[in-house]
Amino acid sequence: MPATIDKRLVSARYLAGVVAAGLLFAPATASAQAVSPQVPGLQPLSQTAPANQPKPEPKIVKTEVERKGRIGREVFISTYLTLSRECKVGPNPRLDTTEAPKNGKLYTRPNAINLRAVPGAPRTNCIGTSPYGLGVFYRPERRFKGEETFQFRIVYPDGDIREISAKVIVE
């Protein structure tokens, strides 16, 4: 599932997780603000707009993930982070479990991402760096062997949401 970069973005959000073709890159939805010269007697458009305008709807992206693991060992699901074009890491998104696993536990911890391996990452000084993001892991119960499915949501600071349906096969 190839992804492209919108060159108009001020910051880019990277979703990195191992998929069949490698890591996946997903750009953020925040767009750049244009700065116009000051003209006497004119107010910027942002000041003339009514204050009660509704906020734009959050962007919801659905993703399916399939991983294989071994009995008694944790299984890496994916890592999520917010990263600016200047390689500055923003606040990490949060995990909301919508359907918990029945034969194990879902948990998070900081996890480094090598941006060199992310297809579509901007060719800047970010390449080769390893920022830390929110790593999502699954640990099966001690003697569980079989297939486990669960769902969770990643909620980014700007309100965008990634809904993930995960399937883990423990052998």
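Colleague: Is K62 buried or exposed?

Modeller: In this predicted model, K62 is exposed, with a relative accessible area of 65%.

Colleague: And which side chain does K62 meet in a salt bridge?

Modeller: The partner of K62 is E163, and the N to O distance of that salt bridge is 3.4 Å. Since K62 belongs to strand β4 and E163 to strand β10 (residues 161–170), the pair ties together parts that are 101 residues apart in sequence. E163 itself is partly exposed, at a relative accessible area of 22%.

Colleague: What else is linked with K62 and E163 in a network of salt bridges?

Modeller: R153 is linked with them in that network, and its closest N and O atoms to E163 are 3.8 Å apart. Here R153 sits in strand β9 (residues 146–155) and E163 in strand β10, ten residues apart, while R153 counts as partly exposed at 25% relative accessibility.

Colleague: How many salt bridges does the count come to?

Modeller: The count comes to seven, and one of them joins R139 and E74 at 3.9 Å, N to O.

Colleague: Switching to R67, where is its place?

Modeller: R67 is in strand β4, which spans residues 60–69.

Terms used:
Residues are numbered from 1 along each chain as its sequence is written. This is a predicted model: local features need pLDDT of at least 70, side-chain atom pairs count only at pLDDT 80 or more; totals for chains, interfaces and linings use all residues. Side-chain values use heavy atoms; hydrogens and water are left out. Helices (H or I, at least four residues) and strands (E, at least two) are DSSP runs, numbered from the N terminus. A salt bridge is a side-chain nitrogen of Lys or Arg within 4 Å of a carboxyl oxygen of Asp or Glu. Buried means under 20% relative accessible area, exposed over 50%, partly exposed in between (1.4 Å probe, protein chains only).
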